[in-house]
Amino acid sequence: MSQATQTSTRRDVLGTSALRPDGVAKVTGQFEFSSDLHAEHMLWGATLRSPHPYARIVNIDLSAAYKISGVEAIITAEDVPGKKTYGLISSDQPVFADQVVRYMGEPIAAVAADHPETCRRALAAIKVDYEILQPVTDAEVALLPNTMPMHPDGNLIRHQRIIAGDQNLQGEVIVEGVYEIGMQDQAFLGLEAALALPDPGGAGVEMWVATQWLHEDRKQIAACLGLPETKVRLTLGGVGGAFGAREDISLQVHCALLALRTSRPIKMQYGREESFFGHVHRHPAKIYIRHHATRTGVLQRIEAKMYFDGGAYASTSSAVLINGVTHIQGPYKCANATVDGYAVRTNNPPCGAMRGFGVVQACYAHESQMDKLAAACNLSPVEIRLINAMQTGDKLITGQVVESVAPVARCIRETDAIAMPAPLAKNADPLELVGGTGLTSLPENIVRGVGWGVSIKNLMYSESFDDFAVARCRLSDGVATLKYATVEVGQGFVVLAPQIARTILGVDEVVLDTVDTGIGSAGSTSASRQTWMSGGAVDGACRLVRQKLFEHVGAKFDIDPMRLVVEDTDIVDMIGDFRISVVEASTGVVIDETFEHHHRPTEELDADGQGNCHVAFAFVAHRAVVDVDVELGLVKVIQIATAQDVGRVLNPVAALGQIEGGIAQGLGLAIMEEIVLDNGKMRNPSFTDYLLPTALDAPKVVAVMIEEPEPQAPLGAKGIGEPPCISVTPAIAAAIRNATGKELPRVPIRPQDICL
Amino acid sequence: MSVGNEIYSLTVNGEHHQVKDAWIGESLLYVLRERLGLPGAKGACEQGECGSCTVIIDGEAVCSCLVMAATAIDSEITTVESLAKKNGLTEVQDAFITEGGVQCGFCTPGLVVAIEHLLNKNPDPSELEIKEAISGNICRCTGYGRIFEAVTTAVATRKAARN
């Protein structure tokens with residue numbers, strides 16, 4: 001046994017690999033995830049869901065279910081006291097289906113009972129009569145004039161075009177393609193779970209929930225309950241991963257309604273199958289695209305038509321669409337563009353946020369095109385990308401000037417400089433071959449391929465949305481206490497925030513207060529934004545406290561506070577020889593400051609897709625090396641080399657963890673992961689049939705972090721969560737193309753796409 | 001919930017626990033978490049695919065979601081809760097923290113149990129043996145790189161402690 005190593009020999013300031021404060025609890029099984037919560041006299045809640053993608057509800061008969069001993073309440077659409085619908089951008093999704101179901105898995109009723117098994121039996125006893133309708137499951141078909149709208153808001157969620165420059169330019173070289181991206185699931189491990197405690201008399205409710213954004217949840221829950229927001233108090237329950245899937249409401253309103261109805265605590269948690277139905281997914285997309293270039297490979301114009309299948313309800317589809325159309329040029333200079341994007345309603349499962357948020361789809365198309373262009377111009381994948389690499393000061397097709405640090409060429413060059421993996425040894429262990437433990441591949445059928453992907457990703461929210469973050473810092477007796485509503489989903493804000501406080505204030509001891517709605521919003525843990533936004537808020541609050549501390553010390557010792565600085569754990573006079581430890585200086589005083597960080601304002605796009613709609617951008621390059629069994633269609637990703645524009649590394653181990661984790665998810669989309677839909681019905685809602693990368697599928701990742709501090713960012717650091725998963729998918733696809741010579745216009749690439 | 005009035009007992013981490021008023025269909029995972037106050041094993045797939053619920057039963061690493069609790073009455077069950085002693089974490093637990101093997105942490109208890117089990121059987125595993133041993137434990141956050149580092153570090157620390 002070794003000693004717990006939560007103490008460090010050096011100070012855990014910014015730039016060090018400080019250890020997670022939740023690490024010990026997590027490795028010992030003591031960390032309280034929201035699925036671990038209990039309350040006395042608690043009941044279990046469960047949801048009845050539609051087995052049909054599209055149907056009219058003719059009748060719901062609850063009588064048999066109510067006869068089951070242990071069932072305490074059953075609620076349906078008519079029991080929703082407030083707003084009957086919710087949604088992140090437009091409120092178009094019913095709390096419970098009312099008269100019509102629009103996707104397989106749509107909630108119809110919820111029960112509260114004494115045991116999960118009683119819930120299961122009650123759900124089975126609810127009799128629903130449906131009139132089954134013909135689902136519309138193709139986004140392009142849904143937009144045809146003779147297709148009936150399936151929702152009062154119509155089938156078009158949003159259309160956005162981008163018109164830039166010369167609309168008639170024809171390049172000396174023209175390449176085109178039609179690319180498709182399948183529906184990916186976030187597949188966080190910690191299933192949806194919440195515990196709701198009703199206030200006496202139903203005056204309000206207190207909830208512990210695994211979410212990405214407490215304040216947005218509260219707003220939507222309160223509206224549906226018909227309660228003022230102050231009567232709905234949310235505390236973060238431990239979150240087992242999110243990746244976008246917890247940005248929308250799932251079980252929150254149902255759980256709160258059951259608690260108010262029964263006047264008892266309600267615990268709800270989804271099983272894995274229900275989770276597949278209970279949260280939004282990555283949008284499947286179809287992209288028609290044409291690139292015009294000079295004979296020497298200089299990109300001149302992009303034409304694209306992009307269809308994002310939003311499923312039955314809007315969720316964040318309109319924002320995903322904007323990300324898709326505005327990133328379709330990739331990290332490349334391009335003056336002229338004609339782009340039409342459509343976010344469309346179908347009877348497929350609703351789609352919304354997932355890591356990469358619309359840019360994943362665009363990147364698969366533009367990177368596939370860049371390789372076609374390279375081939376047409378007789379250039380290498382690296383050459384075509386370097387020729388066109390965007391720089392700071394370049395104008396995007398939206399007219400927005402890239403003010404962010406934009407080391408695109410450097411990302412490509414530094415990735416290219418990473419050593420290639422050794423060739424497959426003749427005497428390699430069979431487990432190292434494609435197919436691994438299946439022992440299926442013959443070495444003579446294995447072909448190695450190399451492919452490239454480079455991407456641009458916006459950071460924070462766009463189109464005039466002010467996603468601010470609030471943090472509060474209290475300093476007393478050498479201890480800093482931080483309070484914020486920033487959701488920790490695993491990304492590591494829980495370690496970053498104390499690093500910031502130690503750096504700014506010179507304290508060693510930092511206490512993290514409960515994450516709840518008892519302070520202003522921190523915005524969502526999404527869009528690679530929390531290091532920048534909540535990091536900026538914590539930084540700001542700590543700076544205010546430090547200023548007050550300087551004033552206190554200055555008054556006490558008769559020194560101009562302007563002369564004081566924090567040096568390690570001391571306050572020192574820059575001019576004289578005065579020195580006092582921060583612990584001593586703050587003994588007996590209480591300094592408490594709150595700071596609200598806003599990013600610079602952005603604009604909405606106009607009808608031609610022009611406007612400064614994004615805050616900032618981050619860039620990354622990926623090179624994939626794969627082994628392909630061309631007979632069996634099996635792929636093993638051997639190595640991913642990557643150089644990522646991170647601005648500044650604040651915690652090297654945590655940053656590497658984001659990069660490696662994102663790469664694994666991008667690998668999943670490239671060759672493994674897809675929600676299979678058959679006329680609107682989900683065919684693989686389980687971990688047996690939805691394949692996730694395992695330890696045996698993980699490639700060797702060689703990562704370089706490019707540190708060019710971002711002047712706009714409060715800590716100089718860019719968000720790093722999303723870029724790793726974006727261009728790795730097209731890089732792997734390109735490597736498989738390189739090995740097989742096939743076009744492979746669709747991801748995930750399946751064995752039959754390679755070998756048949 | 002109508003239940004039988006039979007009482008059965010389980011031996012978990014060396015202690016005998018009586019399970020009463022339980023529905024006989026409850027999985028070992030459910031009973032550990034909901035009845036015995038041992039929430040360290042996590043449920044994430046209910047199909048034995050993800051390994052989050054890994055416990056040791058009679059010396060074998062097992063997905064507790066696939067075991068009926070009532071069938072485990074004659075077995076020795078070990079959960080993640082028993083690993084760390086008063087004097088500190090195990091080398092594996094320690095390495096998970098120092099090497100960045102923990103992000104959201106939901107897969108962590110199952111992985112820690114699976115790796116302890118591996119190293120107790122095979123103190124010096126090859127890279128392939130490590131990958132093989134934990135390929136039944138899905139992690140969605142880390143991409144496994146930091147977890148491999150954690151195992152490598154734990155192997156070295158254990159080796160140093162033996163010498």
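How many residues of chain A are in contact with chain B, and how many of chain B with chain A? The legends below refer to a predicted model, and the first of them takes up this question.

**Figure 1. The interface between chain A and chain B.** In the predicted model, 55 residues of chain A are in contact with 51 residues of chain B. On the side of chain A that touches chain B, the elements giving two or more residues are α1 (23-28), α3 (116-125) and α15 of chain A. Helix α15(A) provides the largest share of this side, eight residues. By residue class, the side of chain A that touches chain B consists of 25 nonpolar, 21 polar and nine charged residues.

**Figure 2. Chain A as a whole.** Chain A contains 18 helices and 31 strands. Its radius of gyration is 27 Å, close to the 27 Å given by the globule rule for 756 residues, so chain A is as compact as a globular protein of that length. Taken along the principal axes, the box filled by the C-alpha atoms of chain A is roughly 75 × 75 × 60 Å. Of the 756 residues of chain A, 59% count as buried. Among contacts in chain A with a separation of 6 or more, 81% are between residues 24 or more positions apart.

**Figure 3. The largest nonpolar core.** This core has 309 residues, of which Val111(A), Ala256(A), Ala501(A), Val626(A) and Ile732(A) touch the most other members. Helix α15 (residues 652-671) of chain A contributes the largest share of the core, 11 residues.

**Figure 4. The surroundings of Val626(A).** Neighbours within four places in sequence are left aside in this view. The contacts of Val626(A) then include Gly449(A) and a run formed by Val635(A), Lys636(A), Val637(A) and Ile638(A). Val626(A) is also in contact with Ile732(A), Ala735(A), Ile736(A) and Ala739(A). Both Val626(A) and Ile732(A) are among the core residues that touch the most other members.

**Figure 5. The cis peptide bond at Pro748(A).** Val747(A) and Pro748(A) are joined by a cis peptide bond, with omega about 0°. Pro748(A) is placed in the loop between β31 (746-747) and α18 (751-755) of chain A.

**Figure 6. Ser528(A), a residue with positive phi.** Ser528(A) has a phi near 50°, a positive value in a residue other than glycine. The loop that holds Ser528(A) runs between β21 (509-512) and α13 (530-557) of chain A. Ser528(A) counts as buried because 25 C-beta neighbours lie inside 10 Å, the cut-off being 20 or more.

**Figure 7. Tyr144(B), a residue with positive phi.** In Tyr144(B), which is not a glycine, phi is positive, near 75°. Tyr144(B) is located in the loop between α4 (127-134) and α5 (145-162) of chain B. Tyr144(B) has 29 C-beta neighbours inside 10 Å and therefore counts as buried.

**Figure 8. The two assigned domains of chain B.** The domain assignment divides chain B into domain 1 (8-82) and domain 2 (91-162). Their C-alpha centres lie 22 Å apart. Between them, 13 residues of domain 1 of chain B are in contact with 11 residues of domain 2 of chain B. Strand β3 (residues 54-57) of chain B gives the most to the domain 1 side of this contact, with three residues. That side of domain 1 of chain B has eight nonpolar residues, four polar and one charged.

Technical notes. Residues numbered from 1 in each chain as written. Chains lettered and ligands numbered in written order. Predicted model: local features only at pLDDT ≥ 70, side-chain atom pairs only at ≥ 80, totals over all residues. Core = buried A, V, L, I, M, F, W, Y, C linked by C-beta atoms within 7 Å. Buried ≥ 20, exposed ≤ 12 C-beta atoms within 10 Å, placed from the backbone. Helix = DSSP H or I, 4+ residues; strand = E, 2+ residues; numbered from the N terminus. Contact = placed C-beta atoms within 7 Å. Nonpolar A, V, L, I, M, F, W, Y, C, P; charged D, E, K, R; others polar. Rg over C-alpha atoms; globule rule 2.2 N^0.38 Å. Domains from an automatic or database assignment.
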